[in-house]
Amino acid sequence: MTTFGESHGKAIGCVLDGVPAGLEIDEAFIQSELDRRRPGKNAYATARKEPDSVEILSGVFEGKSTGTPIAMVIFNTNQKSKDYGNIKDLFRPGHADFTYWEKYGIRDYRGGGRSSARETAARVAAGAVAKLMLREIGMKVESGIFKIGDVEARKYDFDYARNSEIFALDSSMEQAQKDTVLRAKEAHDSIGGAALVRATGVPVGLGEPIYYKLDAVLAEAMMGINAVKGVEIGEGIHSAELLGSENNDEMTHEGFLSHHAGGILGGISSGDTLDIKVYFKPTPSIFKPMQTLDIHGAEVTCELKGRHDPCVAIRGSVVAEAMAALVLADMLLLNMGRKMEQVRRAYAQ
């Protein structure tokens with residue numbers, strides 16, 4: 001997947017390479033995935049109202065993939081670039097403004113340009129195509145919010161999360177999580193959160209030894225999402241507190257007796273459920289005066305205007321789900337030639 005576009009540019013989009021020919025492309029499903037991430041839906045997301053209508057430009061004919069690159073575009077319709085006029089020479093604290101300026105000597109100050117989380121809509125569109133491929137072999141990728149601030153879920157219900165305004169995994173904790181978001185918003189601040197991505201139906205054998213491990217590639221994909229600051233597979237950082245006898249997943253003919261590894265052993269999928277926890281920092285765009293520098297090196301005060309998510313993790317969970325689907329689809333294709341019997345079967349006369 002390659003993405004293009006900026007937050008306040010004409011459009012954003014992606015080019016998806018390597019999709020096998022003959023995959024049924026359900027455009028309504030792709031749009032429904034974008035609708036989940038779409039801004040402006042409720043009080044827990046940015047007020048920027050974008051329809052996020054996706055158009056497929058190439059790679060699909062008569063409803064099926066052709067094997068050539070699939071290009072998709074989403075036109076921006078609700079830019080308010082004037083909201084950024086007063087800060088065009090400032091480096092917003094917590095944003096990529098400073099590093100982009102130092103690296104390139106030029107930056108699009110309108111909403112962060114290329115560094116804006118607006119770019120992730122294109123990832124969701126690409127992830128939807130990957131999901132269509134995974135569906136063909138019975139794989140499913142889901143996500144939900146398990147933590148906002150210090151309010152953490154006690155149970156995980158992915159069916160409930162899909163219809164929750166904040167994608168909450170635990171109905172009993174949803175209101176407390178919503179209240180946490182609204183308190184931060186009313187204080188002109190923001191709050192961090194964490195999502196759980198779960199993949200089921202994953203076959204044994206996905207991932208390459210040492211240099212292209214499944215967990216390493218998943219972690220890279222998640223860390224490439226705006227505002228993500230941490231990723232855990234299975235037991236994650238808690239495993240550092242355990243004994244080996246506590247952390248090992250014993251096995252019987254019935255399968256694994258516990259789930260500490262999170263579905264990956266030695267960088268290769270074990271056939272067990274795959275669990276990934278993704279941690280998002282608070283949205284750096286907040287409406288409190290903050291000290292910063294401008295492009296001339298002067299100390300100034302940054303006072304933001306505009307429309308921003310009070311908790312970026314909420315919509316970010318949909319993006320993390322899409323990235324997991326893309327990685328798994330890629331790993332499926334890579335794994336097809338690992339044994340000579342698979343090669344012979346593919347080229348049988």
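Helices and strands are DSSP runs here: a helix has at least four residues, a strand at least two, and both are numbered from the N terminus. By that count, the protein has nine helices and 17 strands. The model is predicted.

**Overall form**

Start with the whole chain. For 349 residues, a compact globule would have a radius of gyration near 20 Å. The protein has 21 Å, which agrees. Its C-alpha trace spans about 65 × 50 × 35 Å along the principal axes. Buried residues make up 47% of the 349 residues. Now take the contacts between residues at least 6 apart in sequence: 71% of them join residues at least 24 apart.

**Surface and charge**

The accessible surface comes to about 17100 Å². Carbon and sulfur atoms account for 52% of that surface.

| Charge set | Side chains in the protein |
|---|---|
| Positive | 41 side chains |
| Negative | 48 side chains |

The centres of the two sets lie 5 Å apart.

**A look at Arg37**

One residue carries a label from a record. UniProt, in an unreviewed entry, places the feature "binding site" at Arg37. Such annotations may be inferred rather than shown by experiment. Where does Arg37 sit? Arg37 is in helix 1, which covers residues 27–37.

Is Arg37 buried or exposed? Its relative accessibility is 3%, so Arg37 counts as buried. The cut-off for buried is under 20%.

Which residues does Arg37 touch, leaving aside neighbours within four places in sequence? Its contacts include Asp52, Ala117, Arg118 and Thr120. Ala121 and Val124 are also among them, as are Arg315, Val318 and Val319.

Technical notes: Residues are numbered from 1 along each chain as its sequence is written. This is a predicted model: local features need pLDDT of at least 70, side-chain atom pairs count only at pLDDT 80 or more; totals for chains, interfaces and linings use all residues. Side-chain values use heavy atoms; hydrogens and water are left out. Buried means under 20% relative accessible area, exposed over 50%, partly exposed in between (1.4 Å probe, protein chains only). Contact means heavy atoms within 4.5 Å. The radius of gyration is taken over C-alpha atoms; the globule rule is 2.2 Å times the number of residues to the power 0.38. Accessible areas come from the Shrake-Rupley method with a 1.4 Å probe; for residues, only the protein chains shown count as cover. Lys and Arg count as positive and Asp and Glu as negative; His and the chain ends are not counted. The place of a charge is taken as NZ of Lys, CZ of Arg, CG of Asp or CD of Glu.
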